[in-house]
Amino acid sequence: MKTRIALIILATLFCVTNMAHGQDSLHITVKKLFELAENNNRQLKLDAIRIQDAQAGIDVSKNHRLPDIDMAVTAGYLTDVGVIGMGTMKTGFYEMPHFSNSYVLQASYLLFSGGRVGRDIEISELRGRVAGLNYEKNKMEVKLLLVGYYLDLFRLLGQRDVYKSNIDQASMLLEKIDNRMRAGIVLRSDKIRSELLLEEMKLQLVKVSNRIRIINNAMVEILVLPEGTIIEPDTILPENNVTELALNTLQQVALQNQPELKINQLNTEMAKKRQQQIKAAYLPEASLYATNGLARPYVYDIPAKDIYANNLTVGVRLNYSLSGLYKNKARVDAATKGLQAATQYEQLAQENMRKAVFNAYTLWNEAGDQLSSEAKKLELATENYRRITNAYDQQVALITDITDASNQKLAAELQLTNAQAQRVMRYFELQKVTGQLN
């Protein structure tokens with residue numbers, strides 16, 4: 001009766017655990033991983049806000065092309081006016097209307113600024129494009145980071161299964177040794193070796209399980225998922241076949257697609273615009289203006305008249321900064337140096353990109369060779385373990401032989417899992433460096 005109750009309790013706990021696991025777990029493919037990153041990641045949301053901020057900056061710059069309209073209303077107190085007659089009228093104070101007020105409406109429209117306003121708008125538009133490219137660059141970095149975690153999780157889950165399988169095999173072997181010890185066929189030292197191997201695998205299983213928890217938590221934070229979510233990567237890794245392209249073709253693809261290179265190109269273009277904008281200070285500004293004022297009292301007569309006088313003025317205003325002739329030279333020199341630096345940085349970035357593509361392409365090919373090699377090694381290690389196990393069952397092999405064979409098989413299984421994940425990771429690294437990690 002007690003045994004039946006215990007079984008019922010264990011079954012209930014098992015069901016509850018599975019239900020909780022089903023509620024918290026999230027089966028996810030790489031494609032779904034990227035979708036969650038684009039929708040949830042805080043860094044990408046911040047970059048999206050920066051794009052909106054850059055667009056607002058463009059609108060502000062364009063407003064400089066609109067006319068300026070100002071209105072002023074004043075009210076105040078006037079004292080009596082003092083006059084020194086100079087022989088033409090009596091010197092003294094003349095009474096004035098003491099309350100004064102005015103209404104002035106003024107409008108101006110910039111006709112010519114030497115291209116300063118146009119360059120300012122163009123620079124703002126370039127900044128907007130840079131903000132968009134920064135978003136694309138950071139999106140690829142976030143995706144590559146998540147792919148790394150995803151493949152680590154895939155690899156560690158595979159290792160966990162490998163350790164569990166080998167622990168089961170080691171436990172079965174230990175049972176055989178116990179039976180032979182009771183029959184007096186094997187020594188105590190054989191059992192100790194098997195127990196040491198089993199304990200080491202159990203310890204490694206604990207470490208792998210903890211590493212899985214750490215990576216799972218990091219991914220939950222990056223993807224802004226509910227706390228406690230258990231991420232389950234797809235059991236089938238994504239395709240990692242690169243189209244058969246020559247290395248120089250991949251480098252050309254990177255030149256066309258890599259956001260960081262485009263950012264450097266835009267920075268060079270902005271440096272040119274800044275230089276042109278600063279040189280525009282050597283040119284005059286011309287604007288059309290109109291002023292309409294209504295003022296009281298009329299003070300251009302003595303005695304002043306307590307009436308409203310209206311004046312309308314329309315004309316063209318020309319401004320030229322004479323101080324700019326000697327102050328602007330240093331700014332032009334600084335802008336020229338900035339343009340030279342931006343050009344050199346753009347060329348350096350292209351050089352680094354070519355090296356990065358070469359490295360990524362070489363490592364991707366190397367990962368393919370390693371995967372083939374690890375698959376062959378596992379095949380050999382598995383066959384060797386099978387043969388040694390059969391020989392041990394027939395009592396023609398020592399426990400040290402089967403321990404060595406087990407260690408070789410375990411290492412080969414772990415290395416194959418690592419090689420599978422590494423091959424896919426190298427593929428995504430190549431996609432990122434060529435600007436194709438979308």
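**Salt bridges and the nonpolar core**

Arginine 50 and aspartate 47 form a salt bridge through their side chains, with an N to O distance of 3.4 Å. The model is predicted. Both residues belong to helix H3 (residues 42-62), where they sit 3 residues apart, about one turn of the helix. Aspartate 47 is buried, at 2% relative accessible area, whereas arginine 50 is partly exposed, at 46%.

Side chains of opposite charge can pair when their charged atoms come close. In the whole structure, 20 salt bridges are found. One of them joins glutamate 122 to lysine 273, with the closest N and O atoms 3.0 Å apart. Glutamate 122 is in helix H4 and lysine 273 is in helix H7 (residues 259-279), so this pair ties together parts separated by 151 residues in sequence. Lysine 273 counts as buried at 18% relative accessibility, while glutamate 122 is partly exposed at 24%. Arg119 is linked with Glu122 and Lys273 in a network of salt bridges.

A further salt bridge pairs lysine 329 with aspartate 333, at 3.2 Å between the closest N and O atoms. These two residues lie 4 residues apart in helix H8 (residues 324-393), about one helical turn. Lysine 329 is exposed at 51%, and aspartate 333 is partly exposed at 37%.

Turning to the nonpolar residues, the largest core has 47 of them, and Leu33, Leu151, Leu223, Ile231 and Phe428 have the most contacts inside it. Helices H2 (30-40), H4 (116-182), H5 (188-223) and H9 (399-433) each contribute at least two residues; H4 gives the most, 17 residues. Beyond residues up to four places away in sequence, leucine 223 touches Leu33, Leu36, Ala37, Asn40, Leu146 and Ile231.

Definitions and conventions
Residues numbered from 1 in each chain as written. Predicted model: local features only at pLDDT ≥ 70, side-chain atom pairs only at ≥ 80, totals over all residues. Heavy atoms only, no water. Core = buried A, V, L, I, M, F, W, Y, C linked by side-chain atoms within 4.5 Å. Buried < 20%, exposed > 50% of the residue type's maximum accessible area, 1.4 Å probe, protein only. Contact = heavy atoms within 4.5 Å. Salt bridge = Lys/Arg side-chain N within 4 Å of Asp/Glu carboxyl O.
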